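Good morning, and thank you for coming.

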Amino acid sequence: MRLSRGALPGWAEVLLLPLINIALAFLVVGIIVRIIGVDPFHALNRLILGAIGSSESVGYTLYYATNFIFTGLAVAIAFHGGLFNIGGEGQAYVGGLGCGLAILAFDKYLPGWLMVPLAIGAAALFGAAWAAVPAWLQAWRGSHIVITTIMFNFVASALMVYLLVNVLIAPGSMTPQSRGFGPTGQLPALPGSPLNLSTFLAIACCAAVWLFLWHTRWGYALRAMGHNPEAARYAGTDLRRMTMLGMCLSGALAGFVGVNELMGVHHRIVLDFPAGYGFAGIAVALMGRNHPLGVALAALLFGALQQGGAELAFDEPAITREMVVVIQGLVILFSGALEQLPRPWLALLLVRRG
Amino acid sequence: MDDLAAIVFLTAAATLRTATPLILCAMGGLFSERSGIVDVGLEGKMLIAAFFAAAIATITGSAWWGVAAGIVAAEIMALLHGFACITYRGNQVVSGVALNILAAGLTVVLGNAWFHQGGQTPPLDTARERLMPIFFPRAGDNVLVYVALASVPLAWWIVARTRFGLRLRAVGEMPLAVDAAGISVSWLRYRAVLLCGLFSGLAGAYVSIAQNAGFSRDMTAGQGFIALAAIIFGKWRPFPALGACLIFGLLDAIAIRLQGVVVPGLGEVPVQFIQALPYLLTMFLLAGFIGRAVAPKAIGIPYEKEH
C-alpha cells in the first residue's frame, strides 16, 4: 500500500486530524459496547451523567483528572526532548514513597505550612531520582530509555511491595500499608470528596511546564534536542545534561501522583496507588498534543471517563470499569501509532478543494 | 539422597514450567525484533491469547480449540501492530504500549460480559479442556513445553540457515539494501510479525490452559516483559535467549523455595528482590557492565520506500 504523504493545511493538522483520530477510537469503543450487548448511546448518556451530573461526581472527575495531568505532563515534557518515558508508573510509585517517608518522619514535629511543601518536594525528588537512573544509563551508557524505564516499573513495584510488607507496615496491621499520616501531613480536601489541594498543584504544573518549554533557555534546548539532536549538539547543547534534565523533570511530575493519592486521599502509604495512571499518561500526552493546555483538556476528558465509567459499571453489570482502560488503549493506538491513518483521505479531500 | 534428587527434579521441572511461556514469547519476539520491529507488545499478545484460549476452551470443551483461538487472537494483535508500524510507519513503542493496555482492558471487559465472574473465565475441566502432562505427571510436561523447547533450534535454523532468515536479518540491519535487491521490506516484516503472533499466542494459551485452569485478570503479570528482557539478555540470538529464559525461570522457582529461608552470610533474601532480578540483570547488561547487547541496527525505524 502506498501512501501519499499529503501535506495538510495548518488547521487540519492541529485540529482536524487529532479529532478524527479520537473519533475513530471512540467508534471502535462503541462497537465493543455494542458487541457486549449494551446500547452505546445509552451508555454514553449514563457515562456523561455519571461524570458531571452532580457536584459530587464533578469532584471525583477533577480528582482523577489531577492524576492524569501529572502523568500526562510527565510524558509530554520528555516527548519534547525526544525521550519516551514509559516509566511514569514506577516514578509515581517511588514519588509517593518519598512523599510518604517525609511525612512519616516529620508529621509529629513540623507544622502544616512546612510539612506540605517538604512532602511535595520529597515526592518530586524521589520521582526524579527514579527517572534519573534510566536517563543516566541512556546518556552515559547508551542503553535505550524505553526498555530501562519499563524495567524500572517492575523494580519499583517489587521495591514497594518489599518495603510495605517488611519495613513500613504499621505495627499490628494485617494489610501492607503504613501508619496513617498525622493531620499536618494531610492536604486540605473538600468534605466528602477526594478533591484536594493537589489539583491546584496540577494547574500550577501546567503553567510551569509551558513557561519552561517555551520561555526558558533550557526548555528551548530540550525541544531542540527533541527535534534534531545533531543540530542541538552542534549549537552547543550538552545532550547528556538535557537528557538528565528532561527525564528528571518528567519523573518529578509523575511523582506528584503520590501527593494527590497519598497526601490527598489515602493519608498513608498503600500498595498499587498509581493504578495505571503512568501508562494512561501516554494517552493523555498524545491526545493533548504534548501541549500543557492540551494535556489539561485531555486529562479532564480522561478524568470524566474514569468517573463516568465507574458510574456506568455500577448501572450496567455487563460493563466493567476496565472499559476505561480499553478506551485509553484505543486512544493511544489511534492518536499515536495510527496517527497517519486518516491523512491520505483527508489530503485527498482538502487539497483538491483548496 | 533421594530427597536431594527429588528436590533437583522438582526444581528443574518448576524451572521449565515457568520458562516455557518465556521461551515461546522470546522466540516470537526475536523474529519481530530481528526484522527491525520493536515489540513491547509481547505482554499484550500473550494476555489476549491467554484469555481467548481459556474462553474458547470453556465454550467448546476442547483444549485444542482453545490453543487455536489463542493463536488467532495473538495474530490479530500482531497484524494490528504490523499495520500501524509497517504500513502506517507509526511509532513502534507507542503501538506496543497501546496493544498492551488494550489487551489488559479488553480481556476483563469481554470476560465479564461473557462469563459474569469479574473478568475470570470459569475453571476449566481438567481432562478435556486443559493440556495435561505427557510423561511425568508431577512435572507438568504438557505438549507446549516440548513445543517451546523445539522452537529454539527451529528459530535458530530459520534465522541462521534459511534464505528467509538471511533476508530477515538483512531487513533488520539495512532495509534499504533488501529493498534495492528487489525484495519487499513490508512483506518480510509482516511475516516476522506474524511469526511473533504465532509464538506469543502459544505462550498465552500455555499460561491459561496448561499452567493454570482458566484465565484471571492480568494473569501474564509481566512475563511478556521478562521475555523481552530475555531477548535482550540473549543478544537477539535464540540459544542465548533460551539460556536467559531458563535463568529467569530458575530464579522464579527458587524464589518460591527461598521464602522465609535464611541464607548463610546473607540473611533472609527478600522474594521481591529475586522477582526484580531479571529486570535488574537486564539493566546491568544494557548498561554495558556485562558484555554488550547490540540491537539490530534498523530496529524501531520505520522504513520509507523511496519513489
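A word on conventions first. This is a predicted model, in which local features need pLDDT of at least 70 and side-chain atom pairs count only at pLDDT 80 or more, while totals for chains, interfaces and linings use all residues. Residues are numbered from 1 along each chain as its sequence is written, and chains are lettered from A and ligands numbered from 1 in the order in which they are written.

Let us start with chain A. Its secondary structure consists of 14 helices and zero strands; helices are DSSP runs of H or I with at least four residues, strands are runs of E with at least two, and both are numbered from the N terminus. The radius of gyration of chain A is 21 Å, close to the 20 Å that the globule rule gives for 354 residues, so chain A is as compact as a globular protein of that length. That radius is taken over C-alpha atoms, and the rule is 2.2 Å times the number of residues to the power 0.38. The C-alpha trace of chain A spans about 70 × 60 × 30 Å along its principal axes. Of its 354 residues, 55% count as buried. Here a residue is buried if 20 or more other C-beta atoms lie within 10 Å of its own, exposed if 12 or fewer, and partly exposed in between, with C-beta atoms placed from the backbone. Among contacts in chain A between residues at least 6 apart in sequence, 77% join residues at least 24 apart. A contact requires the C-beta atoms of two residues, placed from the backbone, to lie within 7 Å.

Chain B comes next. Chain B has twelve helices and two strands, and from the N terminus on, its elements run α-α-α-α-α-α-α-α-α-α-α-β-β-α. For 307 residues, a compact globule would have a radius of gyration near 19 Å, and the 20 Å of chain B agrees with this. The trace of C-alpha atoms in chain B spans about 65 × 50 × 30 Å along its principal axes, and 54% of the 307 residues count as buried.

How do the chains meet? In total, 38 residues of chain A are in contact with 37 residues of chain B. On the chain A side, the elements that give two or more residues are helices H5 (112-141), H6 (145-167), H11 (277-287) and H13 (323-337). H6(A) gives the most, with twelve residues. By class, this side of chain A has 27 nonpolar, eight polar and three charged residues. Ala, Val, Leu, Ile, Met, Phe, Trp, Tyr, Cys and Pro count as nonpolar, Asp, Glu, Lys and Arg as charged, and the others, Gly among them, as polar.

Following H11(A) is A:Arg289, whose phi is positive, near 55°.

Helix H3 (residues 55-80) and helix H10 (residues 239-266) of chain A pack at an angle of about 175°, with their axes 8 Å apart. That makes H3(A) roughly antiparallel to H10(A). The residues of this contact divide into eleven nonpolar, six polar and no charged. Axes are lines fitted to C-alpha atoms, for helices over the stretch in contact, and angles run from 0 to 180 degrees between N-to-C directions. Angles under 35 degrees count as roughly parallel, over 145 as roughly antiparallel, 65 to 115 as roughly perpendicular and the rest as oblique.

Finally, some single residues. A:Met263 lies in helix H10 of chain A and, with 29 C-beta neighbours inside 10 Å, counts as buried. Leaving aside residues up to four places away in sequence, A:Met263 touches A:Cys99, A:Ile103, A:Ala119, A:Gly185, A:Gln186 and A:Leu187.

Two histidines close the tour. A:His267 lies in the loop between H10 and H11 of chain A, and its phi is near 60°, a positive value in a residue other than glycine. Is A:His267 buried or exposed? A:His267 is buried, with 21 other C-beta atoms within 10 Å. B:His116 also has a positive phi, of about 55°, but B:His116 is exposed, with 12 other C-beta atoms within 10 Å.
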